[in-house]
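Open the model in your viewer and keep the selection panel at hand. Each stop below names what to select, then what is there.

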Amino acid sequence: MGHANRAVATREWLPGAAVAVGAALLAGGFLWPALVSPRRNYNETQAKEYLEAASALHSAVNSRRGSPEDRAAVTQEAKARFDGLRGEVERVRNGPKETGFWLKAAGSALICVGSGVVLSRRYS
């Protein structure tokens, strides 16, 4: 009989806990991008490499030396290097925003589910 009472008690507080945890996740989702700096995931060496790749691409695009085929090959190589590094920079920069989005989504889902259970119990 004691086990049955614990199960009933658990069912009573679980929706409220879901709403509380959901609210915490939702608040965390709004605060996360401000609290977590993408700079922690990207060091000075990587930043210099990115700037060098951007400079090399700029030089390759504006170069007038060599045959058109040679210039195209150098430009294509510089663009490939730059694009790879740019993708890495974008991932680092957008990481906190994406994490914040998923925290907000999970928090909203928990709030909706918990509130729905509480309201369905109240009106049934």
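**Stop 1**

Select G28, which lies in helix α1 (residues 2-35). Helices here are DSSP runs of H or I with at least four residues, strands are E runs of at least two, and both are numbered from the N terminus. This is a predicted model, so local features need pLDDT of at least 70, side-chain atom pairs count only at pLDDT 80 or more, and totals for chains, interfaces and linings use all residues. Residues are numbered from 1 along each chain as its sequence is written, and side-chain values use heavy atoms, with hydrogens and water left out.

G28 counts as partly exposed because its relative accessibility is 23%. Buried means under 20% relative accessible area, exposed over 50%, and partly exposed in between (1.4 Å probe, protein chains only).

**Stop 2: the whole chain**

Zoom out. How many helices and strands are in the chain? There are three helices and zero strands. Along the sequence the pattern reads α-α-α. Of the 124 residues, 15% are buried.

**Stop 3: α2 against α3**

Select α2 (44-62) and α3 (68-122). They pack at an angle of about 150 degrees, with their axes 9 Å apart. Axes are lines fitted to C-alpha atoms, for helices over the stretch in contact, and angles run from 0 to 180 degrees between N-to-C directions. The angle makes α2 roughly antiparallel to α3 (over 145 degrees).

Colour the contact (heavy atoms within 4.5 Å). On α2, pick residues including Q46, E49, Y50 and A53. On α3, pick residues including V74, K79, F82 and R86. By class, this contact has twelve nonpolar, two polar and six charged residues.

**Stop 4: the core**

Select A53, L57, A60, A78, F82 and L85: these six residues form the largest nonpolar core. Such a core is a set of buried Ala, Val, Leu, Ile, Met, Phe, Trp, Tyr and Cys residues joined through side-chain atoms within 4.5 Å. Both α2 and α3 supply at least two residues of this core.

Centre on L85. Which residues does L85 touch, not counting those up to four places away in sequence? L85 touches E49, Y50 and A53.

**Stop 5: S55**

Finish on S55, in helix α2. S55 counts as partly exposed because its relative accessibility is 42%. Draw a distance from its C-alpha atom to that of F82: the separation is 9.2 Å, across 27 residues of chain.

Definitions and conventions:
Parallel < 35°, antiparallel > 145°, perpendicular 65-115°, else oblique. Nonpolar A, V, L, I, M, F, W, Y, C, P; charged D, E, K, R; others polar.
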